[in-house]
Amino acid sequence: MKPKHLIALLILAVVLAVFTLLIPSLNKVHRYASRSDQPVSQPRQSVLESHPPSEQEQLSWHDLRDGESAEQPASLQFGETRTYALERTASDETDLSLLGSPSTSSAADGNKTAELHTIYGDSYGGAMGGAANRPQHIGTPQSQPRLQQAYQADRGLERRTLAPDLASVTADEIWVIAKPEAPQAVGPQYQTPGSGAMLAKVEEKEIPLPLKHTDVKGQISGYIATVEVTQQFENPYSEKIEAVYVFPLPQNAAVNEFIMVIGERKIRGIIRERQEAEQIYAEARRQGYVASLLTQERPNIFTQKVANIEPGKAIDVNIKYFNTLAYADGWYEFVFPMVVGPRFNPPGSTDGVGAVGRGKMGISGQKTEVQYLRPDERSGHDIALAVDIDAGVEIEEVSCATHATQKTSDAPQKAHVQISPLDTIPNKDFVLRYKVAGKTVKSALVTHTDERGGFFTLMLYPPDDLKTLQRSPMEMVFVLDCSGSMNGQPIARAKDAVKRALRKLGPDDTFQVIRFSQSASQFGSQPVPATPENVRKAIAYVDDLKGSGGTMMIEGIKAALEFPHDERRFRLVSFLTDGYIGNEVEILEAIHDRLGDSRIFSFGVGSSVNRYLLDRMAKLGKGAVAYIGPNDSNSEIVDLFYDRISHPALTNVTIDWGSLKVEDVYPSRIPDLFVGRPVTVTGRFAGRQNTTVRVQGKVGSYDKELAIPVRLADEASTHPGIACVWARRKIEELAARKTYDDSPSLPGEIQRVALEYSLMSEYTAFIAVDSTHQTAGDHGVTIAVPVPVPDGVRYETTVQN
Amino acid sequence: MKRSALTALVVACLIVTLLAPRTGKGSRPGKPGVRFAPVHIYLDSGNAPLAAYQFELVCSVPVRASQEGNPPKADHYEPAVKIVGVEGGQHPAFNNAPYYDPAALANNRIIIAAFSTGADLPKGRTRIATIHLQIPSDTEPEYELKLAVAADADGREFPAELTLETGEDQ
């Protein structure tokens, strides 16, 4: 062989080697695009993205309803569904390996492939701009292989079936042809359900969804609740499924137990670093093991995944948490949220919580998504809830305005409350309030001691005599959420509250009314005196407000906190909102940066308010929050609010712990104490002697002191959940710091505390795998559990379709 | 360039081509090479009724030095085994999932305890727990089991034997 031949051979060999080394990695990307086990880092792609038509290839869409052919699918109206066959016709020159064909040799004859797609008409509104009414989403119905075969046979395509990659496409993928203008988030690692089989089955209401029932059992001892939540999953389909359920828990829930129940077998989940738990789950799911994973998306939003539920099989997941009850205006309040409200996410955000219609997973571009049932739909999921109260002292009254309940009591200090079997739709918060008799509420320490040391909580009540003192003049700023989610009953209630509050302002006060949705506007250029004329005009202004558009809360924050403050007045900013936003961190950061001398006293309005956001705003804003539910008395709540702010607070609060050696106290700075609003303090302690804790503060220029006796041997003042409550509070404080502190050590610190105390957090997750049994076949279809929109919220103005 | 050198280069490139990994065919993305398996823990209490127990389990895998052509070092282990679930035992008294100490939990080490206040307590040999593990698929873990305590309903400790079995069918 001559040298030039050798050189040519060398070049050929080098090219061959380079291709051989590169192609596998290209292949990976190609495969991830269509395989269910795509990694987190790979965004979902459409068939047309992963298999784009070449210049030599022609696409032809055939409407299976009327047989009409077109170059592209017809524009569908919102809610309309149509099934098309997409034919790809390649010329003889087309390399069909691009389509994943096993070889190109058979392309000489019948260079056609056919794929079936279901197309959903979409109505994205202004946010999607030109995308409105264009076909957005294409599913490949797994339930239609026979239809596909029949179509291929009818069209003379039987010589070439689907390319291997396309054949492996499962029903639960959503193909996006026309991309939304907003950037797409990295898709969740699981497949998205909804297209094809699941939609068809549900629309025909033949088979209910995999979450059958939620059972909630609460035990309240003093002001600490221990709650067990059992989610009962069952596979009603003929194939194996993975169930995914996004659900709420109280924002201060210390979730510390997770048990997967398979028949009589109970497997305790292990707390692990989140990414590690997700990897274990993905691997167990891939290998066919029954597994469950609990992750936290927000302090009050969690995702439950259960993999490899075989047809007809049931799997329960039991979650246990502790939380301290809120105490406000004489009432203890136990809240169990039942549904995540539909959140608005500002354009450009990808880390929010998307609200999409059933079967539309992936269209919001957000990392977490909740699917919602249409108003005329109902899943089979219902809820049972029972609470046992042991107040320790006589219970004067028990009240529940949110649900029909049945109440019994076998002792003056005890009560049993359960929701009526006629009120089991999980579409609103359950709010139970109870009041203890007389003036028996006093600041008291509750403790727990184990091998880790001592832990305590102290509910610090403001001194009674604050009520005898009057406040200084106020500069009152009302900030009213007029977004689409507030449309209807919520905004009507918010407007009533503002009008009532306006009428209660004194002649020395000034006020401003700000509204926000996509943008913010206000009643006057600056706060105006609360004269009868100005109040009348403001009431007319409020009457004209309507709810529509997005929730750009940041605009409301800026408008409320960025104008000059009148130093002679005590400035109160009152937000009236449902808090349905996905960018909580941005909002809290903005408040931290702009608060100045202002105090934030907000109203959460609606049946399923984002209490995490409202509570955090109140804490950051050194104020308080009250909630106005659909059945609450506006006048009562607003009057209590005014009672609270009509008296000075106990400020500069410090605590002398007596002979107790106390450390790690949260909140690290004790906030001001307002009338009717106690503060819960938690910490660690060493010491065994009884002592007296002294709380000092100032009311105006006067010193004030409270004495709290501590009896460590008193068993009535102990609770096993105190250690978890303390750890959860520490995590909350570290997470709050993270919104304005870039310290790289904070995530690690949160994770360390969460792992040590077996607690859910942003950085930890519970994983449970049943390794004794490997189910047959692939991991099956992922089914997201759609939920109803909260009571009083309009689907049309809040849910993306 | 000499002919022999060119020939060598061509051969080298062809060898690279032939030996290149075939990841495009049949390989799955994701973490390769792990399997899931249970370990069943048995406690033999003899004639004493078992009301409470605590034990520690450590699962270790020898360093896979053999892959590098070296023999595994007997005293060097990596925590490649991960505990992924703790299941209750066979007797109704210990059917609930036992508690583990989260502060003591490491990937491959766990301390487990349970007690029963019921009247019906197991005697003799009974499965008290099943530990679910994720294990590197090419290795067989070594287990170290330590019984901290076994006690009756009056809190009296008694000697007991703790053993384990592997395998899915129990």
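A:Ala243 stands opposite A:Val306 in β14(A). The two strands concerned are β9 (residues 241–248) and β14 (residues 301–309) of chain A, which run antiparallel and are joined by seven bridges. Strands here are DSSP runs of E with at least two residues, helices are runs of H or I with at least four residues, and both are numbered from the N terminus. Two strands are taken to pair if DSSP finds at least two bridges between them. This is a predicted model, in which local features need pLDDT of at least 70 and side-chain atom pairs count only at pLDDT 80 or more, while totals for chains, interfaces and linings use all residues. Residues are numbered from 1 along each chain as its sequence is written, and chains are lettered from A and ligands numbered from 1 in the order in which they are written.

Both strands belong to an open sheet of six strands in chain A, with the order β12-β39-β13-β14-β9-β40 and mixed pairing. Its edges are β12 (270–273) and β40 (781–784) of chain A, each of which pairs on one side only. From one strand to the next the twist averages 25°, with axes fitted as lines to C-alpha atoms (for helices over the stretch in contact) and angles between N-to-C directions running from 0 to 180 degrees. In general, the strands of a sheet pair through backbone hydrogen bonds, either parallel or antiparallel.

Another group of strands in chain A involves β17. Strand β16 (residues 326–328) pairs with β17 (residues 331–336) in the antiparallel sense over three bridges, and A:Tyr327 has A:Tyr332 as its bridge partner in β17(A). Two residues lie between the strands of this hairpin, where A:Asp329 takes a positive phi near 50°. Strand β17(A) is also joined by five bridges to β24 (residues 430–436) of chain A, again antiparallel. There, A:Phe334 has A:Leu432 in β24(A) as its bridge partner.

Helix α7 (residues 489–503) of chain A has 15 residues and reaches 21 Å from its first C-alpha to its last, close to the 21 Å expected at 1.5 Å a residue. The expected span is 1.5 Å times one less than the number of residues. Buried residues of α7(A) include A:Ile491, A:Ala494, A:Val498 and A:Leu502. A residue is buried if 20 or more other C-beta atoms, placed from the backbone, lie within 10 Å of its own, exposed if 12 or fewer, and partly exposed in between. A:Val498 counts as buried because 25 other C-beta atoms lie within 10 Å. Leaving out residues up to four places away in sequence, A:Val498 touches A:Phe478, A:Leu480, A:Val513, A:Val542 and A:Leu576, where contact requires C-beta atoms, placed from the backbone, within 7 Å.

A:Lys622, in the loop between α11 (611–620) and β33 (624–628), has a positive phi of about 55° although it is not a glycine. A:Lys622 is partly exposed, because it has 18 other C-beta atoms within 10 Å. A:Ser758 also has a positive phi, near 55°, and is found in the loop between α14 (745–756) and β39 (764–774). With 24 C-beta neighbours inside 10 Å, A:Ser758 is buried. The peptide bond from A:Tyr666 to A:Pro667 is cis, with omega near 0°.

Methods:
Contact = placed C-beta atoms within 7 Å.
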